[in-house]
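Subject: Handing over a structure, with notes

Dear colleague,

I am passing on the structure below, and I would be grateful if you could look through it alongside these notes.

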Amino acid sequence: MENKIKIDFDKTFKNYSSNDELGFKKNNLENFIKEGLPGRKLESWKFSDLNQIINKNIGELNFYIDPSKENLIDNTLIIKDFDHNKIVFINGKVEELDFSFEDKDKVKILKEFEISTKIKSKNSLLNLNNAFCKNFYKINISKNYTMNKPLIIYHVSTNNISSTTLNSQLNFILEENSSLKIVDIYEDKSEKNFINIFYSFILKENAILKNFKIDKLQNSNIKYSYNNIDQSKNSVSETFILSNGSKFLKNEINCNLNGQYSSAFINGVFSLDTDKHHEIRTSVNHLVENTKSYQLIKSVLDDKSKSVYQGKIYVSPDAQKTDGYQLSKCILLDKNTEFNAKPELEIYADDVKCSHGSASGSLNENSIFYLRSRGLSYKQAKKLLISGFLLDVIEKITDEEIKSFIKKTMELNQ
Amino acid sequence: MDEKNLDIIKDYKYGFSTDIENIKAPKGLNEEVIKFISNIKKEPKWLLDWRLQAYKRLKVLKEPDWQKPKYPKINYQDLYYYSAPKNFNEKPKKLEDLDPKLLETYKKLGIPLDEQKRLNGIAVDAVFDSVSVATTFKDTLTKNGIIFCSISEAVQKHPDLVKKYLGTVIPITDHYFATLNSAVFTDGSFVYIPEGVRCPMELSTYFRINASDTGQFERTLIIADKGSYVSYLEGCTAPMRDENQLHAANVELIALDDAEIKYSTVQNWYPGDKDGKGGIYNFVTKRGLCKGNNSKISWTQVETGSAITWKYPSCILKGDNSIGEFYSIAITNNHQKADTGTKMIHLGKNTKSKIISKGISAGLSDMTYRGLVDISPNAENSNNYTQCDSLLMGNKCGAHTIPYIKNKNSNSNIAHEATTSKISEDQLHYCQQRGLNPEEAVGLIVNGFCKEVLQQLPMEFAVEAQKLVGISLEGSVG
């Protein structure tokens with residue numbers, strides 16, 4: 001891989017003049033080559049060996065994407081359910097940035113490269129992303145500004161690429177009292193690519209962030225998505241993950257509660273079948289007093305699928321009065337399914353309330369019996385129970401418009 | 001240390017740490033030392049080969065470093081791998097024949113070696129340093145066909161049993177410390193309960209570390225044949241020492257069809273002084289195999305001592321309908337560190353496991369519960385229930401919970417709960433209002449917190465354990 005990646009790197013950036021950015025990229029490339037793709041030996045990849053998964057499903061990866069190919073935005077992919085701003089990535093490259101519903105001077109889009117705002121994480125996939133991502137967009141939401149409409153980020157891949165890594169990265173800064181809603185939607189027309197996405201969010205005082213990640217379309221791509229959220233005083237972040245369509249998907253959320261009274265909510269749904277393997281890994285770091293976090297992850301597994309939840313609550317010695325909660329539940333429908341969980345508490349302060357729970361098992365036979373005695377068929381009863389199980393998480397979504405959109409996508413009706 | 005004495009194999013070295021003269025193998029870990037140990041114990045060739053195979057494996061293994069409590073690197077070449085009370089060679093026939101100093105030490109530890117103490121119903125296989133010195137209550141046990149002796153004796157007298165079962169639960173290809181033990185284990189207990197026998201008394205061993213720089217490598221093997229029952233107690237103390245001492249024991253339990261083994265531990269080894277100097281490294285491998293159908297293995301542990309406790313008593317539930325249980329109280333104070341928990345590996349159908357873990361950390365200590373529940377695809381209708389609660393006392397200590405949960409069978413259920421909190425002000429207030437001083441109040445509340453586990457201990461241990469819980473937390477309030 002080493003030679004190939006170097007050749008692809010030089011080919012991709014042959015027009016770049018030597019500057020800070022290229023130097024930064026080269027550093028990251030070297031780091032990635034040194035570390036390689038993460039595998040089972042790393043504790044955070046214990047249950048999902050990415051190196052092995054890519055080898056098995058993709059084989060050798062390409063890192064070069066022909067820039068001369070024109071990427072047209074297919075309008076049929078655009079969601080018609082509600083008005084929205086949009087960012088469209090096609091094959092990892094930003095093709096459209098449309099904030100037409102917002103005040104022009106309130107949402108600033110910066111393209112300049114700035115090393116200081118980069119995510120700091122020891123993660124070889126971040127190195128890969130930094131090395132190959134072409135534009136480091138920074139989106140700044142001004143003080144006291146609430147976005148009129150949500151922002152949908154489309155991650156489109158076209159059918160003319162395969163065995164390629166697509167790297168994209170976005171940085172958001174939410175100034176004081178601002179608020180932003182983001183919906184991520186994956187629209188894959190391609191097969192067998194590795195998609196690597198990094199988001200960084202900086203939430204200033206009283207800022208509110210809502211991020212909904214929807215992976216619904218059936219596809220054979222391997223995906224990794226990483227959110228880094230830094231929160232100041234009184235800020236709120238809400239993340240919702242629907243993990244369903246891709247062959248492999250790992251969502252990683254790293255949340256630093258740096259300000260008092262800040263809170264983080266992470267909710268996730270796995271609904272998997274046919275050999276899929278998905279993971280959510282969270283790490284919520286309570287770093288100061290009076291912070292709160294809540295996580296609820298539910299999964300329904302069918303037909304040889306596998307889901308993994310690794311959730312960590314870290315409470316630093318200064319973070320007294322922390323309230324941390326974590327719950328993961330799983331229904332295994334098929335004999336060959338597998339659920340792995342590692343709900344972790346790392347606590348260094350004593351005046352805290354932290355707990356976690358994890359339960360997994362089959363559908364409750366008594367509930368099925370009850371429903372069947374009311375005249376439902378086995379299939380109907382099963383469907384009803386599963387909908388109820390998953391709706392519990394969906395109902396936690398605080399935005400009505402998006403909640404009903406997600407319910408519609410998941411074909412869940414009350 | 002006297003340099004001359006170090007390098008001569010088979011030369012007796014006269015003790016310096018207690019007044020009992022010790023036979024010591026020279027410092028260091030190599031084939032010669034292993035042969036020396038094997039030779040002095042008059043072991044058959046197969047066992048020596050087995051040890052050497054383990055040593056060969058050890059050379060390619062790396063010491064693990066994923067654990068939470070870190071410790072300074074151990075120089076394995078700077079340890080003694082064998083030391084024994086000298087007069088062991090002329091085996092004592094009666095108690096009076098024993099070295100009076102030794103008897104005195106046991107008396108201090110409260111071991112009921114005396115015949116008079118027969119009434120206590122405890123048969124004691126006392127281990128001083130590494131060699132079993134005396135075993136009591138043999139008669140009653142022999143009548144029932146129960147074998148309870150040191151493992152070296154078992155190697156001589158019951159080689160077939162030892163050969164059949166040794167290393168079947170903890171193979172020589174296991175992790176670093178277990179393999180180290182396989183290569184250099186010196187002594188330990190051997191228990192065999194024949195078919196259909198219910199052991200009439202609690203079997204008990206007191207371990208005691210005494211010789212300076214002697215890594216203790218005990219090996220315990222307990223076999224419960226079809227339909228039998230045994231309850232085994234293990235308790236430890238160690239005298240004041242400045243340098244850290246390594247203890248890497250292996251305990252193997254095997255339960256055949258319908259058999260039950262109950263293994264209880266109270267561990268209060270020297271935890272180091274208030275500044276975290278000294279103390280024992282307790283890196284023990286304990287593993288039970290529910291080999292037969294309807295078998296049961298239950299671990300109960302009260303861990304209050306050691307500078308570092310790093311162990312995961314596990315159950316492999318191989319037989320159908322087998323049951324594994326784990327009850328644990330772990331208390332860390334001052335600079336103590338613990339990384340403990342259990343593994344429940346469900347392989348057979350209808351297997352059940354239960355984990356109750358209570359962790360209390362105070363002072364500057366750090367406590368981790370780490371556990372694994374693994375239900376394999378064939379373990380139909382299996383069940384696990386896990387509860388781990390941590391109590392923090394003071395804001396300089398840490399409590400962590402790291403469970404690994406793997407469910408690969410759709411007809412099996414796993415439920416896991418964990419909480420972390422401190423002693424509630426309301427409860428403290430209530431107790432103090434009733435006239436208890438803060439220390440008593442904390443003791444009362446902590447004992448209540450641990451009650452679920454303390455109840456699992458045999459009577460003799462429960463009282464001691466309850467006291468220990470109080471003693472361990474002394475000075476942590478206020």
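Predicted model: local features only at pLDDT ≥ 70, side-chain atom pairs only at ≥ 80, totals over all residues.

Residues are numbered from 1 along each chain as its sequence is written, chains are lettered from A and ligands numbered from 1 in the order in which they are written, and side-chain values use heavy atoms, with hydrogens and water left out.

Helices here are DSSP runs (H or I, at least four residues), numbered from the N terminus. In chain A, the axes of α1(A) (residues 2-12) and α2(A) (residues 20-35) come within 11 Å and cross at roughly 165°, where axes are lines fitted to C-alpha atoms over the stretch in contact and angles run from 0 to 180 degrees between N-to-C directions. The two helices, α1(A) and α2(A), are therefore roughly antiparallel (over 145 degrees). Their contact (heavy atoms within 4.5 Å) is made by Glu2(A), Ile5(A), Lys6(A) and Phe9(A) of α1(A) with Lys25(A), Lys26(A), Leu29(A), Phe32(A) and Ile33(A) of α2(A).

The axes of α1(A) and α4(A) (residues 124-132) come within 10 Å and cross at roughly 35°. Here Ile5(A), Asp8(A), Phe9(A) and Thr12(A) of α1(A) meet Leu128(A), Ala131(A) and Phe132(A) of α4(A).

Further along, the axes of α5(A) (residues 365-373) and α6(A) (residues 378-394) come within 9 Å and cross at roughly 125°. Residues of α5(A), namely Ser367(A), Ile368(A), Leu371(A) and Arg372(A), are in contact with Tyr378(A), Ala381(A), Leu384(A) and Leu385(A) of α6(A).

Turning to the interface, 34 residues from chain A and 33 residues from chain B take part in the contact. About 2600 Å² is buried between chain A and chain B, with carbon and sulfur atoms giving 46%; buried area is the accessible area (1.4 Å probe) that two parts lose on being put together, summed over both. On the chain A side, Lys335(A), Tyr348(A) and Asp350(A) lose the most area to chain B, together 21% of what that side buries.

Finally, the mean pLDDT (the predictor's confidence in each residue, from 0 to 100) of chain B is 78, and 77% of its residues reach 70 or more. Over residues 86-93 of chain B, pLDDT stays under 50, and the model has eleven contacts beyond four places in sequence for this stretch.

Best regards

Technical notes: Parallel < 35°, antiparallel > 145°, perpendicular 65-115°, else oblique.
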